[in-house]
Amino acid sequence: MFRRFKPSVLVWSAAAVLLGVWTGLSLSGPAAERAVSVTSRGGTAPGLNAAAPAGTLSEMAEDAALSADSSTPATSAFSAGDRAYHFGFKKSRNGEPASIDQEGFGPLLERYGAVFRGSPEGKNLYLTFDNGYENGYTAKILDVLKEKNVPACFFVTGHYVKDQPDLLRRMVREGHVIGNHSWSHPDFSALPESRIREELDMVKRKVAEIAGQREMRYLRPPRGIFSERSLRVSQALGYTNVFWSIAYKDWDTSAQRGARHAFDSVVSQLHPGAIILLHSVSRDNAEALASIIDEARRQGYTFRSLDHLLSPLPELPL
């Protein structure tokens, strides 16, 4: 009535499962290196995915699907054999410059004109914000910048462009620069050249239509992930990739720790030439920004625009 089961089949099946688990656990390479970089060096996490409001991620997924190049095979994204890098840095302490010497990608950034901090000569600071979605604090941030006469660069995504046209217009009207943070916040290292160009062009065109900024010179790679291909393609389009040398975990809206924490996190890292990355979704940043600016100026720092950072003229006005 019952067939005698064959132990050999069961043994081989179990062995196959165990082999699969062992293989998955022992994977190495860029993905593992990115995780180490972001936890040990203070790089930012993908802020949009961490705390986006309901509906945001689905809209971004739809945008990504609409902008996909369906004629390109999925494997073509890796045809150049590019390695994926996740930006990380050694934080500044006691005014010493932040460093990427230990990360291994410094020569690559230099080759393609990317920047993560300015010259250590002169006490200049460059304030930047990542705007993936609006959480109700950008207007207050703009109020402070206007009151303090501080220029900033706002790196925006497609979701932000569609959702906040009035704030985009205000940024431009009040003398700030809008930078490109991609349309759908993808991992650039996993995209073919055509998709990278499309992601960047969509943001540039829409910002020009809505806010009147015709030129877009600065790019912050989404999630801080990049490859030689993404650097090469974006440079050919006229972009300078802008990373950062001051940052802290500010993107998690469910884990805000108060204005004093934001103040201490930023001020403790101040160093000449610093590019400061803040996320506009943070309540702590909005509440601490005025005090951060005042303290930096008390220490002799001057806030400059990114145009100043990249200008051959050292005394370009703010």
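Two notes before we look. The model is predicted, so local features need pLDDT of at least 70 and side-chain atom pairs count only at pLDDT 80 or more, while totals for chains, interfaces and linings use all residues. Residues are numbered from 1 along each chain as its sequence is written, and side-chain values use heavy atoms, with hydrogens and water left out.

Let's start with confidence. pLDDT is the predictor's confidence in each residue, from 0 to 100. The protein averages 81, and 72% of the residues score at least 70. Residues 53–77 stay under 50. In the model, that stretch has 32 contacts (heavy atoms within 4.5 Å) beyond four places in sequence. Residues 314–318 are also below 50, with 9 contacts beyond near neighbours in sequence. Where pLDDT is low, the predicted coordinates should not be read in detail.

Now the inside. A nonpolar core is a set of buried Ala, Val, Leu, Ile, Met, Phe, Trp, Tyr and Cys residues joined through side-chain atoms within 4.5 Å, and buried means under 20% relative accessible area with a 1.4 Å probe, protein chains only. The largest core has 48 residues, and Leu-127, Phe-129, Leu-145, Ile-276 and Leu-289 have the most contacts inside it. Apart from it lies another core of 27 residues, including Leu-109 and Phe-116.

Which residues does Ile-276 touch, leaving aside neighbours within four places in sequence? Among them are Leu-125, Ile-246, Val-266 and Phe-303.

Next, the rings. Rings of Phe, Tyr and Trp (its six-membered ring) pair if their centres lie within 6.5 Å; planes under 30 degrees apart are stacked, over 60 edge-to-face, and the rest tilted. That gives 11 aromatic pairs. Phe-87 and Phe-89 are stacked because their centres are 6.2 Å apart and their planes at 20°. Phe-87 is buried at 0% relative accessible area, and Phe-89 is buried at 0% too. Phe-105 and Phe-226, with centres 5.4 Å apart and planes at 80°, are therefore edge-to-face.

Last, the pockets. On a 1 Å grid over the protein atoms alone, a pocket is an open set of points where a 1.4 Å probe fits, with protein on both sides within 12 Å along at least five of seven lines; lining residues have an atom within 4 Å of a point. Leu-109, Phe-116 and Arg-117 are among the residues lining the largest pocket.

Key:
Buried < 20%, exposed > 50% of the residue type's maximum accessible area, 1.4 Å probe, protein only.
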